[in-house]
Amino acid sequence: GFLEGEELAKAYASSDIFLFPSHTETFGNVTLEAMSSGLPCIVADATGSSSLVEHGKNGFLAEPEDKADFTKKLSDIIIDEMLRKKMKKNSREMALRYDWGEINTRLIKNYREALSRPVPQKDF
């Protein structure tokens, strides 16, 4: 179910691995939260979370909607304690690189760039 605040922080802190199969997420904020908690992440190889997870470094990218692929990657992390520890450390370090001020500045820059482009005219 839906968690927030202290309950959400407790859930992440109590977890060992983060599995997020959504392939419609546009940024992957939940993935970044999991990374901040030092969790290895298994996410769909799609826009959003795939921009946060480096395959083999802080988690794995799985084929969207492929249960067998997600299961295999989950099993790999569960079985290999050294891999899991490495991914936990990398997730935390990578999450610390994200700064909301910087992210929003880049977003505004992208919007301004898009707005400055001429609108193509169609002949009717």
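Modeller: Ring criteria come first. Rings of Phe, Tyr and Trp (its six-membered ring) pair if their centres lie within 6.5 Å; planes under 30 degrees apart count as stacked, over 60 as edge-to-face and the rest as tilted. This is a predicted model: local features need pLDDT of at least 70, side-chain atom pairs need pLDDT 80 or more, and totals for chains, interfaces and linings use all residues. Residues are numbered from 1 along each chain as its sequence is written, and side-chain values use heavy atoms, without hydrogens and water.

Colleague: How many aromatic pairs does a search of the whole structure find?

Modeller: Two. Tyrosine 12 and phenylalanine 18 have ring centres 6.2 Å apart and planes at 50 degrees, so that pair is tilted. Phenylalanine 18 and phenylalanine 20 are stacked, at 5.7 Å centre to centre and 20 degrees between the planes. Ring pairs link Tyr12, Phe18 and Phe20 into a cluster.

Colleague: Is phenylalanine 18 buried or exposed?

Modeller: Buried, at 12% relative accessible area. Buried means under 20%, exposed over 50%, partly exposed in between, with a 1.4 Å probe and protein chains only. Tyrosine 12 is buried too, at 10%. Phenylalanine 20 is also buried.

Colleague: Which residues touch the most other members of the largest nonpolar core?

Modeller: Phe18, Ala34, Met35, Cys41 and Val43, out of 14 residues. A core here is a set of buried Ala, Val, Leu, Ile, Met, Phe, Trp, Tyr and Cys residues joined through side-chain atoms within 4.5 Å. β1 (18–20), α2 (29–36), β2 (41–44) and α4 (81–95) each give two or more residues to this core. α2 gives the most, with three. Helices (H or I, at least four residues) and strands (E, at least two) are DSSP runs, numbered from the N terminus.

Colleague: What else is in a core, then?

Modeller: A second, separate core has eight residues, including Ala44, Ile77, Leu83 and Met87.

Colleague: New topic. Where does glutamate 65 lie?

Modeller: In the loop between β3 (59–62) and α3 (67–79). Glutamate 65 has a positive phi of about 65 degrees, although it is not a glycine. Most residues other than glycine have a negative phi. Glutamate 65 is exposed, at 67% relative accessible area.

Colleague: Last one. What span should helix α5 have?

Modeller: 24 Å for its 17 residues (residues 100–116), and its end C-alpha atoms are 24 Å apart, which agrees. The expected span is 1.5 Å times one less than the number of residues.
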